[in-house]
Amino acid sequence: EHDLPCGKMFIIANLGLSAGTKLNTEAKSGWKLTSDTGAFSAINGDIQSDEVKIEIDPGSQTPGDRHKMTLTGKVYLCSQEGHCSVKSFKRIIKLNIIDKTIATDITSINIGALF
């Protein structure tokens with residue numbers, strides 16, 4: 001039996017916004033996750049808070065499979081003084097399928113240094 005459980009896997013990306021910086025609600029911040037092998041469908045979503053929770057369906061993976069996922073995003077921010085800016089980010093996430101479970105080298109992405 002090498003079927004993975006039908007469970008879900010989550011990648012949590014913490015944006016680490018600096019104090020006094022908030023999302024600009026007038027613009028739509030968003031993220032996109034793609035895989036180098038095409039084993040996972042590209043998914044995307046909106047960024048509505050400092051924490052982005054991405055659900056991945058493991059699908060029909062086999063132990064030993066390795067994937068490289070790329071998380072990109074664009075965040076529209078405003079400071080307390082009203083200065084607004086847009087920041088982009090890109091992170092590579094390595095995904096390893098280990099006997100019925102999925103291990104990633106990263107569960108939290110702190111991109112606070114960008115802001």
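I looked up Leu 71 and found this residue in strand S6. The model is predicted, so I treat every value here as computed from it. Leu 71 has a relative accessibility of 1% and counts as buried, because the cut-off for buried is under 20%. I then took a C-alpha distance: Leu 71 and Thr 34 lie 6.7 Å apart, although 37 residues separate them along the chain.

Next entry, the core. I asked which members of the largest nonpolar core touch the most other members. They are Leu 33, Ile 47, Ile 54, Ile 56 and Leu 71, out of 20 residues in that core. I traced the strands behind it: S1, S3, S5, S6 (66-79) and S7 (84-98) each give at least two residues. S6 supplies the largest share, four residues. In soluble globular proteins, nonpolar side chains tend to be buried together.

Next entry, strand S5. I went through residues 51-56 one side chain at a time. Val 52, Ile 54 and Ile 56 point to one face and are buried.

I then checked the pairing of S5. Strand S1 (residues 9-14) runs antiparallel to S5, with six bridges between them. In S5, Glu 51 stands opposite Asn 14.

Next entry, charged pairs. How many salt bridges does the count give? I get one. The pair is Lys 28 and Asp 46, whose side chains meet at 3.9 Å, N to O. This qualifies because the limit is 4 Å. Lys 28 sits in the loop between strand S2 (21-23) and strand S3 (30-35), and Asp 46 in strand S4 (residues 43-46). The two residues are 18 apart, and the pair links distant parts of the chain. I noted the accessibility of both ends. Lys 28 is exposed, with a relative accessible area of 63%, while Asp 46 is partly exposed at 40%.

Last entry, confidence. The chain averages a pLDDT of 76, and 73% of the residues score at least 70. I marked two stretches where pLDDT stays under 50. One is residues 1-6, for which the model has twelve contacts beyond four places in sequence. The other is residues 105-115, with 35 such contacts.

Note on methods: Residues are numbered from 1 along each chain as its sequence is written. This is a predicted model: local features need pLDDT of at least 70, side-chain atom pairs count only at pLDDT 80 or more; totals for chains, interfaces and linings use all residues. Side-chain values use heavy atoms; hydrogens and water are left out. Buried means under 20% relative accessible area, exposed over 50%, partly exposed in between (1.4 Å probe, protein chains only). pLDDT is the predictor's confidence in each residue, from 0 to 100. Contact means heavy atoms within 4.5 Å. Two strands pair if DSSP finds at least two bridges between them. A nonpolar core is a set of buried Ala, Val, Leu, Ile, Met, Phe, Trp, Tyr and Cys residues joined through side-chain atoms within 4.5 Å.
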